[in-house]
Amino acid sequence: MRGKNNWQLREPLLKKISNFVKKGGTAPWYWNYRYKWNNYPKSYNVGDFPTEVIIETTGNCNLKCTMCFRAYLPKTTRAMFAKMDFNLYKKIIDECKENEIAAIKLSWRGEVLLNKHFVEMVKYAKDAGIKEVSALSNATLLTPEIGRDLLNAGLDQFVFSVDGTTKETYERIRIGGNYEKVMGNIEGFLRLKGKNKKPFTRIQITEINENKDEIQQFIDYWRGKVDEVA
């Protein structure tokens, strides 16, 4: 049974085309990667090796978002999530390099900045020749120092999850987060990035009952600040 994407880019067509080019759309590797990404699932083609590898560099998270499955896990279960060993990570990247993987993501449901080796992980993957290294973060721990290190390491895409445009809404959904701090962290990182092409930045909101009336406000606020709103 085929599913539908559970996210939607809130950008005009010309902006989507521009972003496609910005991400790598003029390079043959990118066309090949995106062709496999879009078409292999439709034809049930698994290929010889994954099209993209998602690596959960840490299963831990410092927030308890109301819509996240973590909110329903017992404390003893949440405590079992661990940070990935750096040697194991290098083994995975070496295998990706050997099989000419174009893209990896360094997060799934954990908060990447909780892994003290995260910047090193980005650099190791880029040094191995991985074309697109991306990660998702709640930005609560994104200091200027980490931001500069990620820019130097060569991170290709950085996605931020922020589920509200007001302090009240955000902190009601993202329990444990501080709205002003997160906004300052993201905007500080965007200033550090400046006019640099990389990393491509995307911000996204999970539309739920608590914030559904703020979606357009969210789009209007972030459009023009980041590369993509979803």
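1. The model is predicted, and side-chain atom pairs are counted only at pLDDT 80 or more. Totals for chains, interfaces and linings use all residues.

2. Helix α5 (residues 118-127) and helix α6 (residues 144-153) have axes that come within 9 Å and cross at roughly 10°. Angles under 35 degrees count as roughly parallel, and α5 and α6 are therefore roughly parallel to each other.

3. Which residues make the contact between α5 and α6? From α5 they are F118, V119, V122, K123 and K126, and these meet D149, L150 and A153 of α6. By class, the contact of α5 with α6 has five nonpolar and three charged residues, and no polar ones.

4. In α5, the buried residues are F118, M121, V122 and A125. They cover an arc of only 100° around the axis, which puts them on the same side of α5. An α-helix has 3.6 residues a turn, so residues three or four places apart point the same way. The partners against which the buried residues of α5 pack are α4 (86-98), β3, β4 and α6. After α5 comes G129, with a positive phi near 95°.

5. In α6, the buried residues are G147, L150 and A153. Viewed down the axis of α6, they fall within an arc of 130°, so they line one face of the helix. Their cover includes α5, β5 and α8 (179-193).

6. Helix α1 (residues 13-25) deserves a check on its length. Its end C-alpha atoms span only 15 Å, whereas a straight helix of 13 residues would span 18 Å at 1.5 Å a residue. N19, K23, G24 and G25 of α1 are buried. They cover an arc of only 145° around the axis, which puts them on the same side of α1. The buried residues of α1 pack against α2 (28-39) and against the strands β4 (132-137), β5 (157-161), β7 (200-204) and β8 (228-229).

7. Leaving out residues up to four places away in sequence, I104 touches E52, V53, I55, Y89, I93, C96, A125, I130, E132, V133 and S134. A125 in this list is also one of the buried residues of α5. I104 and F200 are 96 residues apart in sequence, and their C-alpha atoms are 14 Å apart in space.

8. Most residues other than glycine have a negative phi, and most peptide bonds are trans. Y44 is not a glycine, yet has a positive phi of about 55°; Y44 lies in the loop between α2 and β1 and counts as exposed at 59% relative accessibility. E100 is likewise not a glycine and has a positive phi of about 55°. E100 is in the loop between α4 and β3 and is exposed, with a relative accessible area of 72%. The peptide bond joining K198 and P199 is cis, with omega about 0°, and P199 sits in the loop between α8 and β7.

9. P50 lies in the loop between α2 and β1 (52-54). At 39% relative accessibility, P50 counts as partly exposed. P50 and M67 are 17 residues apart along the chain, and their C-alpha atoms are separated by 29 Å.

Key. Residues numbered from 1 in each chain as written. Predicted model: local features only at pLDDT ≥ 70, side-chain atom pairs only at ≥ 80, totals over all residues. Heavy atoms only, no water. Axes fitted to C-alpha atoms, helices over the stretch in contact; angles between N-to-C directions. Helix = DSSP H or I, 4+ residues; strand = E, 2+ residues; numbered from the N terminus. Parallel < 35°, antiparallel > 145°, perpendicular 65-115°, else oblique. Contact = heavy atoms within 4.5 Å. Nonpolar A, V, L, I, M, F, W, Y, C, P; charged D, E, K, R; others polar. Expected span 1.5 Å × (residues − 1). Buried < 20%, exposed > 50% of the residue type's maximum accessible area, 1.4 Å probe, protein only. Arc of directions from axis to C-beta.
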